[in-house]
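Dear colleague,

I am handing over the structure below for your records.

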Amino acid sequence: DLAYQSDDIAKLDLDETYSIGYTLRSLAAALWCYWHADSFEAGLIAVVNEGGDADTNGAIACAILGAKYGYNATPRYYIENLHNEIEYRQKVNGFIALAINEKE
């Protein structure tokens with residue numbers, strides 16, 4: 001409820017020591033981004049800058065933001081500067097081919 005009702009991600013208290021890494025807290029952060037961020041990048045920056053388990057929160061938020069805004073909304077420099085981007089792309093394309101039951 002707090003993720004949906006609050007325009008301020010700080011109210012989720014992502015830095016609270018005893019629940020960093022807690023699955024529901026990370027999901028709340030990602031859902032906050034879904035409901036309140038006006039772009040992929042704005043959501044990512046908001047959740048990562050809030051602290052806590054920033055890498056986990058950011059990863060989950062990016063998955064949800066990517067589903068909401070689509071691949072083309074991801075800033076190119078995030079993709080182009082991804083370490084081993086070519087290898088990741090090959091793995092993802094292979095997974096997609098398997099998922100839709102096609103041969104590469």
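The largest pocket has a volume of roughly 440 Å³; a pocket here is an open set of points on a 1 Å grid over the protein atoms alone, where a 1.4 Å probe fits, with protein on both sides within 12 Å along at least five of seven lines, and the volume is the space filled by probe spheres set on the points. This is a predicted model, in which local features need pLDDT of at least 70 and side-chain atom pairs count only at pLDDT 80 or more, while totals for chains, interfaces and linings use all residues. Residues are numbered from 1 along each chain, and side-chain values use heavy atoms, without hydrogens or water.

Sixteen residues line the pocket (an atom within 4 Å of a point), and Tyr71, Thr74, Ile79, Leu82 and Val92 lie nearest its centre. At least two lining residues come from each of helices H3 (40-49), H4, H5 (76-80) and H6 (85-99); helices are DSSP runs (H or I) of at least four residues, numbered from the N terminus.

Helix H4 (residues 54-69) also packs with helix H2 (residues 23-36): their axes, lines fitted to C-alpha atoms over the stretch in contact, come within 8 Å and cross at roughly 35°, on a scale from 0 to 180 degrees between N-to-C directions.

Asn57 lies in H4 and counts as buried because its relative accessibility is 2%, where buried means under 20% relative accessible area with a 1.4 Å probe, protein chains only. Beyond neighbours within four places in sequence, Asn57 is in contact (heavy atoms within 4.5 Å) with Leu14, Ser26, Ala29, Val47 and Gly51.

Yours sincerely

Key: Buried < 20%, exposed > 50% of the residue type's maximum accessible area, 1.4 Å probe, protein only.
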